[in-house]
Amino acid sequence: MGRSAPLAVLAGLIFVNCCSKPVISWPANDQDASDMSLPDYDQYLGEYLKPDDSLALLLDYDGTLAELTTHPNLSEMSVEMRQSLRNICNSGKAFVSVISGRDVDGVKKKIGLENVIYSGNHGLEVLYPNGTRQNQGIPKEVADNFDKMVDHLNREVVHHGSWVENKRVSLTFHFREAEQKYIPEMAARATEIIESYGYRANPAHAAVEAKPPIEWNKGLAAEFILGTSFDENWRQRKVIFAGDDTTDEDVMKMIKGTGRSFRVTKDKDLVTNADHKIPSVDAVYHLLKWIESRICG
């Protein structure tokens, strides 16, 4: 298994990902996610994933494998979800990678399975089962500003229940528990501060994320992981992805037309690159159980 890619390959990945246009696809018989109880995975995947197929399963963590909580430390996978994921990992027919906005060690600790490739900070960090790490480079002048940015946010915009999650190479400014009247000004000022230190400010679930100004995202990370874990024909494998956030759309776009993707949402009006909407973490559990029954027999 490769652990790095030549600069030319990385440049090619960036070019393809950045230049491709979003494709919006809604199956004609797809229900509104808000009205769905248990999605029909036989309908969605029955013709795609055969019992003898080798699968590459890519997953987000927060909001996908575990419920969103007021604080990331409170988020936990259910025992049943972890066991199903473990069974898939141990089947010998599935390659599993979790690509999260958390730092890579944090998401590995939350999931606790060894034979998984973990990626943290929206793909900036990759941790392989043998302990090898792959990190995307951040310009020194930007990295040197990180602690200053954290300190500035803590001094100026952390109040009324908001807080900064320090993920070492990126951060998330959370305001889920703040009073609504403070949020617009709080989020706007956090965005200004983040951008003043050379980082990109991106909106997220009740939060603003600060990311290094490099052309990298979850989609490029997924393509890098698959491309360096298999040969150049990895797209011939069956690939399934599930995620709940705007940052997951890059993965959905990357596998569009070859893989199958699911956006976890109850918003019937949401526009997405995913092939299907599913309504909840519980629906993700049933997706894993369907995959488990399909490939584990």
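**Pocket and helix packing**

Trainee: What's the volume of the largest pocket?

Mentor: The largest pocket comes to about 250 Å³, as the space filled by probe spheres set on its points. A pocket here is an open set of points on a 1 Å grid where a 1.4 Å probe fits, with protein on both sides within 12 Å along at least five of seven lines. This is a predicted model, where local features need pLDDT of at least 70, side-chain atom pairs need 80 or more, and totals for chains, interfaces and linings use all residues. Numbering starts from 1 along each chain, and side-chain values use heavy atoms, without hydrogens or water.

Trainee: Which residues lie nearest the centre of the largest pocket?

Mentor: R200, N202, K211, W216 and N217 do, out of 18 lining residues (those with an atom within 4 Å of a point).

Trainee: And which element gives the most to that lining?

Mentor: β8, with 3 residues. β8 (200–204) and α8 (218–229) are the elements that give two or more; by DSSP, helices need at least four residues and strands at least two.

Trainee: How do the lining residues divide by class?

Mentor: Into 7 nonpolar, 6 polar and 5 charged, with Gly among the polar ones.

Trainee: Switching topic: at what angle do α6 and α7 pack?

Mentor: α6 (146–156) and α7 (183–196) pack at about 160°, with axes 10 Å apart. That makes α6 roughly antiparallel to α7 (over 145 degrees, on a scale from 0 to 180).

Trainee: Which residues make the contact?

Mentor: M149, H152, L153 and E156 of α6 meet R189, A190, I193 and I194 of α7, contact meaning heavy atoms within 4.5 Å. By class, that contact has 5 nonpolar, 1 polar and 2 charged residues.

Conventions. Parallel < 35°, antiparallel > 145°, perpendicular 65-115°, else oblique.
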